[in-house]
Amino acid sequence: MNREIPKNHYDLICIGGGIMSANLALMAKMLKPDLSILILERLGDVAQESSAAWNNAGTGHSALCELNYCPEQEDGSVSIKKAIEICKQFEITKQFWAHLVEKGFIEDPQRFLKPIPHYSWVTGDKNVTFLKKRFEAFKEHFMFDTIEYTDQISKMRDWFPLIMHDRTEDEVMAGSRIDRGTEVNFGVLTKRLYEILATAFDTPVHFHKEVEDLDPLENGNWTAITKDLKTGKKQSIEADHIFIGAGGGALLLLETVEIEEKDGFGGFPVSGGWLVCKNKELIEQHNAKVYSKAGEGAPPMSMPHLDTRYVDGEKQLMFGPFAGFSPKFLKQGSNLDLVKSVNFKNIPSMLGAFWHNLDLTKYLIGQVTMTFDDRMNELRNFIKDAKNEDWRIEVAGQRVQTIKRDEFEGGKLEFGTQIVSGSDGKITCLLGASPGASTAPKIMLDVLEQAFPEIMNSPEGKKKLKEIVPSYKEEITKEHFNKELQRTTAILNL
């Protein structure tokens, strides 16, 4: 949009043109319209990395089907604690979207949001026992009490006929279903959020601007040293607050920041890929997101799933994800990213995480060496008669798996999102991946709590927050949950 940055001082600088900066900037402007906000993006458009449609799973992550949010405990029970938290966070997301619709900022939520049933499906006695225990735990909680379970082949044929083609009655398998699931095109959504910022709040994105360094000032503020990648011109811009929301590139920028809270953080890049169906007849036979269990040693984000997607207005069918390796931290990053990220303060974390995750290393090596035929054989666990000619490979986005210092192991992998903030809340960085975009509003509300407590805790701020996200900081009762669920379902045409 704008080439020149018009001022040299802002209340908030957001680094990165993805969904996180979009949510943070828009929420901040809605709470306090006179805040001056600068958004910087190194590429020529927004939503080009993890927010782009093919670079993520497009699942509205609310723990309805994702089995990794319900770990099995040592006593054999299944914990749904994390699933409850993820579900709460996605309901906050839907409330934010509903508010944007009510305000007229979003006219047609169906452009990025579709209702798609969410299923879990497993095979083998051990996994069937796990899924049954998860079902029983879910059934007792009001957030998930509409769940259905079956181990009947005939029932599963109704649920996901493409997967059940050529299955026999003696095969051991089970499935569960919650029908309020969603498919989200986060690329379309992200672009719309930035359009709102530009047109309604006079806050455009400044493209081709790379932030090279972040330096503290004596007055407590920060300076961002930016470079225009088109002209080579450098600028020094002061800000009261800075948010680093640069996806995989956030870690490298965090390492330039002089705060001790950053010490010990490292990252390991993982690329991804999908098998995408080219056969329109097959695509029409499936209308679901079906998640199964990750294999031994695999990271939680590798849960195999067969998904209905809507990309560029067309219904799609994809299977994956398949992990890969690239030293880049961004899809359009540098092959030197991984090497540049290693320093004396995070070497113990990196080595500790490696040593204690040898199964993950073995898994990644196996994934990297997979051929197209190997990937098709994985797909045949879901679709028995899948034909090579009906599918193609689509490269997905880059993720940087966060490595955090650990007192006992040296370092450990963090599989969720991680907010790293200076003690005064003046500078904040977001690391990590899943559930990511689905819970962006809740994560950004947490950032606002640290950066602008005076806004969040003021009477006017609290009143506006209740309008924007009624469930934020609210004790979620069954009555409140069902009331808000019914409201957002109607507003969002779900």
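**Close-up views of a predicted model**

**View 1. Thr-203, tucked into a loop.** Thr-203 is buried, with a relative accessible area of 3%. Keep in mind that this is a predicted model. You'll find Thr-203 in the loop that links helix H6 (186-200) to strand S8. A polar atom of the Thr-203 side chain sits 2.9 Å from the backbone oxygen of Phe-201. Leaving aside residues up to four places away in sequence, Thr-203 touches Lys-29, Ile-37, Ile-39, Leu-197 and Ala-198. Two of those names, Ile-37 and Ile-39, come back in the next view, where they share one side of strand S2.

**View 2. Strand S2, covered on both faces.** S2 takes in residues 37-40. For burial, the cut-off is a relative accessible area under 20%.

**View 3. The strands that pair with S2.** Strand S1 (residues 9-15) pairs with S2 in the parallel sense, over four bridges. Look for Leu-12 here: its bridge partner in S2 is Ile-37. S2 also pairs with strand S8 (residues 205-206), again running parallel, through two bridges. In that pairing, Ile-39 has Val-205 of S8 as its bridge partner.

**View 4. From S1 to S2 by way of helix H1.** Helix H1 covers residues 19-31.

**View 5. Helix H2, largely enclosed.** H2 runs over residues 81-102. Of its 22 residues, 17 are buried, so the rest of the structure largely encloses this helix. How far apart are the end C-alpha atoms of H2? They are 32 Å apart, which agrees with the 32 Å that 22 residues should span at 1.5 Å a residue. That expected span is 1.5 Å times one less than the number of residues. Just after H2 comes Gly-104, with a positive phi of about 85°.

View 6. Cys-87 has 0% relative accessibility, so it counts as buried. Cys-429 is buried too, with a relative accessible area of 1%.

Definitions and conventions
Residues are numbered from 1 along each chain as its sequence is written. This is a predicted model: local features need pLDDT of at least 70, side-chain atom pairs count only at pLDDT 80 or more; totals for chains, interfaces and linings use all residues. Side-chain values use heavy atoms; hydrogens and water are left out. Buried means under 20% relative accessible area, exposed over 50%, partly exposed in between (1.4 Å probe, protein chains only). Two strands pair if DSSP finds at least two bridges between them. A crossover is right-handed if, with the strands pointing away from the viewer, the path from the first strand over the helix to the second runs clockwise. A polar contact is a pair of N or O atoms within 3.5 Å; within protein, one must be able to donate a hydrogen and the other to accept it, and residues adjacent in sequence count only if both atoms are side-chain atoms. Contact means heavy atoms within 4.5 Å.
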